[in-house]
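I opened my notebook to look at how two chains meet. Here is what I looked up, entry by entry.

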Amino acid sequence: MPQYFPPNSNAFVTWAVWGGGVFAVLMMIALPFYARTTNNNVGVPVAQPIDYPHNLHVVQVGLDCRYCHTTVETSSTASVPPTETCMGCHSQLRVGTPQTQAVVDSWNNGTPISWNRVHELPDFVYFNHSVHVNNGVGCSSCHGRVDEMAQIWKNEPMTMGWCLECHRNPETALRPVSEVFNMDYQPLAEPKAQLALGATLVETYHIDTDKLIQCSTCHR
Amino acid sequence: MSDSQLDLTQIRARLANQEGPDYWRSLDQLADTEEFQVFLQREFPRQAAPMEAGLERRDFLKLLGASMALAGLSACARPPLAHEKIVPYVKQPDQITPGKPLFFATAVTYGGYAEGVLAESHQGRPTKLEGNPDHPASLGATAAVTQAQVLSLYDPDRSQAYANGGTASTWEDASAALAGALAALPNGEGFALLTENVTSPTLASQIEEFLGKYPAARWYQYDPLHPDNAVAGARLAFGTDATAVHDLSKAAVVVALDADFMNSGPARLADARAFADARRIRRSTDTMNRLYQFETSPSNSASLADHRVALKPSDVAALAAALAAALGVQAPNATRPAAVSNELFDALVADLKANQGTSVVIAGEDQPPVVHALAHAMNQALGNVGKTVNYLQPAAARPAVHRDELTALVAGMNDGTVKALVVFDANPVYTAPASLDFASALAKVPFTARLGLYPDETAAAVDWTIPQAHFLETWSDARAFDGTVTIQQPLILPFYNGKSAHEVMAALNGNATAAGYDIVRNYWKANVTGSFDDFWRESVYRGTVAGSRAAAANVTAGAVTAALPTAAPIELKLVLDASLLDGRFANNGWLQELPKAFSNLTWDNAALVGPATAEELKLETGDMVKLSSNGRDLEAPVWVQPGHAPGAVTLALGYGRTHAGKVGSGVGVNGYLLLDHTVSGAAAATVTKTGAQYELASTQMHHSLEGTGERRYIVRSGTLAEFKEAPEHPHFVHPVAHHEADLYPNYEYKGYKWGMVIDQTVCTGCNACVVACQSENNIPIVGKAQVSKGREMHWIRVDNYYSGSIDAPEFFHQPMPCQQCEKAPCEPVCPVGATVHDSEGLNVMVYNRCVGTRYCSNNCPYKVRRFNWLQYAELATDATEMSLANNPDVSVRSRGVMEKCTYCTQRIATARIDASNEDRKIRDGEVVTACQAACPTQAIVFGDLNDTGSRVAGVKASPLNYWMLEELQTFPRTTYLAKVKNPNPALLNSEGRG
């Protein structure tokens with residue numbers, strides 16, 4: 001009887017099986033790396049239809065965050081201001097530049113300005129600004145030094161893991177409510193002091209730390 | 001549904017020999033049919049063919065291969081580069097806070113009568129309706145139909161364009177045509193208006209102005225929802241118009257003559273609340289009222305009856321006459337129906353005589369005017385007037401018997417006197433009695449125009465179609481059953497440039513550019529003294545006009561000499577459907593899929609017959625029969641309904657439409673084809689089997705809790721007397737002692753401890769909670785085929801149970817939301833941890849983790865979990881207008897994800913956040929679940945159990961409190977109060993027990 005299989009068939013099968021196994025393992029390691037949320041566009045400035053510079057308005061003009069983001073203390077969303085807010089000044093100040101002209105056009109035509117969202121969360125996540133702001137989480141804790149940004153970028157990854165870092169240990173990140181809108185505020189340098197302060201604030205503000213790490217707090 | 005023979009004699013024998021109460025959900029369960037067994041064993045029965053018909057093995061494999069290749073790494077994508085947009089206002093309205101809803105008071109109308117609502121609006125988009133606590137016809141509650149109205153607003157099948165015959169047109173052309181038609185008829189001779197029941201003071205004054213200008217014009221009213229028989233009955237009794245308004249809080253004895261007073265009629269919500277308040281029982285020392293119900297087909301009100309007898313319609317009338325005679329009222333001669341025994345009749349008369357001034361007799365709309373007149377006379381004889389019954393001036397602008405008005409109109413159309421007809425809102429081509437043949441009469445009218453919400457049967461037959469604005473898009477006003485006026489305000493601009501009745505009427509009065517806002521304001525400016533701005537702000541804000549309740553009507557009932565209806569071997573009752581009403585909601589998917597009380601039918605209507613009639617005519621559920629009445633025929637499927645009177649057939653109107661829209665056309669059979677304008681009650685009919693079969697989709701056998709043969713005391717019920725025997729530990733609440741041996745350790749809930757109690761004593765099974773939950777939580781509909789497989793998605797379902805004989809059972813309704821078990825069987829078995837427990841006691845469902853194993857649903861003994869077998873919800877990529885009805889505070893679930901009742905976790909979260917922002921605790925009553933808010937009888941109570949002063953903690957302390965399937969040691973947070981009935985002590989055996 002003739003040999004159907006050439007002499008190297010044995011080796012071929014052995015290589016194929018072991019190679020396939022190694023390949024499968026490599027895929028199982030490599031693919032999640034490819035697909036993982038990396039830094040989620042942290043630090044990447046987002047272009048906007050009107051090049052609105054936060055640093056100029058906050059530092060030079062002296063606006064508080066709440067001048068425009070009016071509902072941050074009462075609602076889930078901080079809200080982006082209507083054209084009317086911009087027109088409060090720019091109907092008279094710095095009229096004629098391309099940026100302010102776009103604002104005036106929006107006002108005159110009744111077409112709202114379509115901003116690009118920088119901090120985006122999936123639809124099944126329900127984040128509420130007011131409960132954070134009223135309980136000692138500062139704007140800069142999550143959004144960074146907005147007063148130094150000419151174009152806004154994401155300062156933190158906004159992944160669930162990142163949220164949980166604070167939700168599991170709120171003492172590390174809390175500040176007195178009076179300092180929430182203070183861009184310069186830094187957590188206390190000495191870790192033990194910050195933890196002590198944080199623990200006091202958790203008590204004072206009646207923060208239920210059990211509730212912070214439960215699914216129903218953010219997912220409805 | 002009818003593979004096996006249901007041997008009714010055998011079932012009757014078995015039930016008769018039963019010792020102790022046995023609760024059954026369906027005849028199939030009693031007969032233990034194969035189909036019942038299938039649904040009992042498997043929550044989701046496997047079908048013979050896994051795919052829809054027509055897919056071969058090769059194609060299946062091809063699809064499988066293709067989807068594998070495409071599915072590949074599609075989930076492993078980087079975050080999308082295109083940014084979501086934030087689009088703020090240009091000029092933001094003062095009150096709007098993005099992220100927080102606003103509530104505006106308006107009213108929904110049925111038959112012209114208003115029921116106040118608070119419409120929840122998210123940044124200008126209405127998403128939910130709640131009741132208006134300040135409105136007398138709502139008291140904070142809503143009916144099931146009202147909850148579904150918000151979906152109708154976004155219905156893409158609504159009338160979107162002006163049309164002249166087949167060609168598109170504009171408002172300018174339509175209003176010009178109206179003016180032209182009017183100008184061609186001097187003095188309006190031959191010009192006719194057809195409206196539904198008008199209670200709107202503004203519209204009434206506009207019509208008055210019109211008739212003043214054109215004295216020869218005529219105004220007709222036809223509204224299938226109008227209580228014609230009540231109006232005719234009042235005229236018969238008093239010789240003038242008066243509305244009977246009941247005060248059931250003062251009634252210890254209520255007699256209902258074919259009256260579903262808690263679920264139908266303009267005062268249903270107010271009556272339901274008042275009746276329930278007088279019936280609610282927590283301790284054995286509380287007093288309870290007593291209800292005697294005499295009716296043909298089981299009704300929601302009868303669920304609360306202490307004594308019920310099923311009588312065919314003519315027998316109800318005969319009983320009314322006999323009862324009236326026994327109370328000393330001069331009434332037509334009648335023999336008491338045999339089904340009402342001497343014992344029951346005598347006890348009833350004695351009970352009424354002992355409760356003079358604290359009793360009330362209510363006649364139902366399906367009974368002819370003579371029965372209404374008898375009821376008025378009886379109330380008068382019993383001294384109830386001014387106490388439990390008050391007579392007020394009618395709220396309708398021009399009270400009329402609509403049947404007669406339509407008959408006169410059709411006569412005019414047929415003989416040519418009507419030369420122009422403008423129809424407001426009504427759909428007479430579909431809803432007019434077939435005996436009038438409205439369609440052919442309409443064809444004879446030279447000029448016809450119609451203002452309507454849908455391009456329906458009437459719109460297809462008229463010359464000019466004007467799209468109507470939905471009530472949520474309209475400025476108007478309306479009166480409630482007691483005359484209270486609500487100024488209706490819109491929540492959103494009309495989507496399709498629709499017009500309101502006011503704007504069309506203004507065009508007829510010569511001003512085609514008047515806006516509804518101005519018209520309504522101008523009316524009230526002319527009719528209000530003092531500061532108009534104050535009046536307007538207060539009235540629009542509150543949803544009621546202060547002091548607008550109707551004045552009393554001084555009326556006395558005379559002797560009743562009209563003839564009683566003649567009996568027939570089989571009497572046909574054509575009734576308004578519980579969900580679709582007269583058919584106007586046929587295109588509303590939520591209402592089509594809402595399981596009817598008792599039969600649990602969805603997506604169809606059926607001819608209901610009693611078991612006795614079914615045996616006699618050898619009918620089974622699903623058989624097609626030919627109903628013939630007054631020379632007209634209709635084929636309909638049969639449903640054998642336990643508790644339905646012998647010698648009668650009940651068919652719901654509102655189905656069998658041809659131009660309802662994508663959802664409603666062709667669903668069910670059209671009962672209007674049998675409707676006769678000369679008949680005010682039930683008509684004689686014959687029923688013949690055709691031999692064909694029809695598949696009905698009922699949810700009755702779905703989600704059974706019966707288990708493997710073990711007796712599970714799911715429904716617990718007893719009498720007030722039994723409760724008094726053992727006030728702290730009634731036997732019927734704890735029939736069997738359970739051995740407690742718990743596997744899981746206890747957890748101490750220190751913060752909020754959410755819990756719910758459902759009071760079965762006052763639950764009428766009206767389904768308001770079901771639709772409220774659907775509206776609040778973005779629950780999709782699945783269609784008839786999927787419902788047949790048990791895949792309906794309602795998070796709360798109302799299980800119906802019967803007890804006693806199949807001919808005269810007692811009725812029980814049990815709303816079943818997720819029980820939120822403290823030791824939930826569904827939690828430990830989820831392989832990905834998608835269902836977990838939180839520190840407040842909620843069993844949390846995390847949609848983004850769920851992979852669709854369905855082990856949780858398998859483990860749930862209450863069968864309250866719902867799985868998205870297919871992509872039922874609209875994806876963002878192919879969303880229609882219907883997605884605008886979604887509540888933004890609740891996730892929309894995709895295919896493959898499990899969902900269930902969450903105790904309205906979004907409402908709890910909102911309250912918790914608000915409380916935290918104000919550094920306080922959540923107060924009792926701050927969190928109201930959707931089901932709790934909607935319930936007309938306040939059967940559902942929700943709150944924090946750790947708050948010792950809360951209402952829910954107080955109710956759970958009642959000795960009637962128990963939880964379902966306690967032997968399983970799940971410790972559910974949702975508990976029930978056993979149903980207590982208050983039968984007449986003189987009728988101690990189960991004589992005519994309701």
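I began with the buried area: between chain B and chain A it comes to about 3,900 Å², and carbon and sulfur atoms give 54% of that. Next I asked which residues of chain B lose the most area to chain A. They are Glu84(B), Ile86(B) and Val90(B), which together make up 17% of what that side buries. I kept in mind that this is a predicted model.

**Contacts**

I then looked up the contacts and found 40 residues of chain B touching 48 residues of chain A.

For polar contacts across the interface, I noted 21 residue pairs, both partners at pLDDT 80 or more. Which elements of chain B supply at least two residues each to the side that touches chain A? I found strand E2 (85–86) and helix H25 (905–917). H25(B) gives the largest share of that side, with seven residues.

**Salt bridges**

How many salt bridges does the rule find across the interface of chain B and chain A? I got three. I wrote down a salt bridge between Asp838(B) and Lys211(A), whose closest N and O atoms are 3.3 Å apart.

**Strand pairing**

Last, I followed E2(B) across to the other chain. Strand E1 (residues 115–116) of chain A is joined to E2(B) by two bridges, and the two strands run antiparallel. Within this pairing I saw Trp115(A) standing opposite Ile86(B). Ile86(B) was already in my notes, as one of the residues that lose the most area to chain A.

Notes:
Residues are numbered from 1 along each chain as its sequence is written. Chains are lettered from A and ligands numbered from 1 in the order in which they are written. This is a predicted model: local features need pLDDT of at least 70, side-chain atom pairs count only at pLDDT 80 or more; totals for chains, interfaces and linings use all residues. Side-chain values use heavy atoms; hydrogens and water are left out. Contact means heavy atoms within 4.5 Å. Buried area is the accessible area (1.4 Å probe) that two parts lose on being put together, summed over both. A salt bridge is a side-chain nitrogen of Lys or Arg within 4 Å of a carboxyl oxygen of Asp or Glu. A polar contact is a pair of N or O atoms within 3.5 Å; within protein, one must be able to donate a hydrogen and the other to accept it, and residues adjacent in sequence count only if both atoms are side-chain atoms. Helices (H or I, at least four residues) and strands (E, at least two) are DSSP runs, numbered from the N terminus. Two strands pair if DSSP finds at least two bridges between them.
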